[in-house]
Amino acid sequence: MKVLLHGATNGSNFGDFIFAAFFYRELQERGIDARFYENRKYGISEYFRKNLNYSKTWSLQEIEETDALVYISGGYFCELPGPHSIISEIKDIRRYLYIAKQFMKRNKPIYVLWVGAGPFTNEKFSKLAVEVLNYAKVITVRDEESKHYCESAGVTNNIMVTTDTALLIKDFLNDYIKPSVDIKEKKEKRMVFHIDSNKEVTHLIEEKIVPVVKRFLVNHPDYKLYLSADGVKSPHHYERYRNYFKEFDPIVYVYDNPWLLCKRLEKADVVITT
């Protein structure tokens, strides 16, 4: 059996990578030939390939011999808030929904599993997303809010609210992380601060969160501050957050290996994220 996996797999996001690794290994261990969707612009990224040690390929010419399309966990069945250009909307359609239409044309099953969905605000994307969801053989979402958004947008298919896949993968991570991936033990307590590259989010962090963290560090000198991203970022993003906390001489974790970030988070005493 051959199954095509698709989701937010064309970047470097930590959470999306872990979801991809989880689905891929679970299917492989069950004897299912799992492949990731790929095309020139929106398929599996080189970052995912490298860190999954994934060397397989898939092309549209193989769709007839592919048994099903599985949308893996992630929050990509939605749109970002605020106005969107028609170009951005078309890109989202091509990134996530184009391949679903190809499976639907051939009457092949689609499974949408543990996703975050909605709100459906952009007309073209929403119309096609609802069409895909109403066609899907199985839909599971990670929260009641996602179910509400889907039903409000016109999804009449059965929607099961289960859980966020992130709650299921602790044992998977313990088994999967390579023994060679390790970090040195240190005596101080560790606070890992998640940096964000979005301008609006960064402004809110600077205004609301940074002052509180600074007060905490002043009152708890036994903590050492570590800065980390959850995706590949430009150096100036790290430098901006380093400057926020320069009096505490923070250590910067430059994100380039999701398995190493797993170990770093495991060693943390406190994690600050948005």
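Is Glu239 buried, partly exposed or exposed? Glu239 has a relative accessibility of 35% and is therefore partly exposed. The classes are set by relative accessible area: buried is under 20%, exposed is over 50%, and partly exposed lies in between (1.4 Å probe, protein chains only).

The model is predicted, with local features requiring pLDDT of at least 70, side-chain atom pairs counted only at pLDDT 80 or more, and totals for chains, interfaces and linings taken over all residues. Residues are numbered from 1 along each chain as its sequence is written, and side-chain values use heavy atoms, with hydrogens and water left out.

Salt bridges were examined next. A salt bridge is defined as a side-chain nitrogen of Lys or Arg within 4 Å of a carboxyl oxygen of Asp or Glu. The structure contains 17 of them. One joins Glu239 to Arg242, with 3.3 Å between the closest N and O atoms. Both residues belong to helix α8 (residues 235-244). They are three residues apart there, about one turn of the helix. Helices (H or I, at least four residues) and strands (E, at least two) are DSSP runs, numbered from the N terminus. Arg242 is partly exposed, at 33% relative accessibility.

Asp92 and Arg95 are three residues apart in helix α3 (residues 86-105), so about one helical turn separates them. Both Asp92 and Arg95 are buried.

Lys208 and Glu207 form another salt bridge, at 3.8 Å from N to O. Here Lys208 is exposed, with 54% relative accessibility. Glu207 is partly exposed, with a relative accessible area of 44%. Salt bridges also link Lys2, Asp33, Arg35, Lys56, Glu62 and Glu65 in a network.

The strands around β5 were then considered. Strand β5 spans residues 110-117, and six of its eight residues are buried. Two strands pair if DSSP finds at least two bridges between them. Strand β3 (residues 68-71) pairs with β5 in the parallel sense over three bridges. In this pairing, Leu69 stands opposite Ile110 in β5. Strand β4 (residues 74-77) is also parallel to β5, over two bridges. Phe77 faces Ala117 of β5 in the pairing, standing opposite that residue. Strand β6 (residues 138-141) runs parallel to β5 and is joined to that strand by three bridges. Val112 stands opposite Ile139 in β6. From β5 the chain passes through helix α4 (residues 123-135) to β6, in a right-handed β-α-β crossover. Right-handed means that, with the strands pointing away from the viewer, the path from the first strand over the helix to the second runs clockwise.

Gly74 lies in strand β4. Its relative accessible area is 1%, so Gly74 is buried. Gly74 and Leu261 are 187 residues apart in sequence. Their C-alpha atoms are 19 Å apart in space.

On a 1 Å grid over the protein atoms alone, a cavity is a set of points where a 1.4 Å probe fits but cannot get out. A pocket is an open set with protein on both sides within 12 Å along at least five of seven lines. Lining residues have an atom within 4 Å of a point. Grid points are joined across faces, edges and corners, and a volume is the space filled by probe spheres set on the points.

One cavity of 30 Å³ or more is counted. The largest cavity holds about 30 Å³. Its lining consists of Val254, Tyr255, Asp256, Asn257, Leu260, Leu261 and Arg264. Four of the lining residues are nonpolar, one is polar and two are charged. In this scheme Ala, Val, Leu, Ile, Met, Phe, Trp, Tyr, Cys and Pro are nonpolar, Asp, Glu, Lys and Arg are charged, and the others, Gly among them, are polar.

The second largest pocket has a volume of about 220 Å³. It is lined by 13 residues, of which Phe23, Leu27, Ile32, Val70 and Leu113 are the closest to its centre. Elements α1 (14-29), β3 and β5 each give two or more residues to this lining. Helix α1 gives the most, with four residues. The lining of the second largest pocket has 11 nonpolar, no polar and two charged residues.
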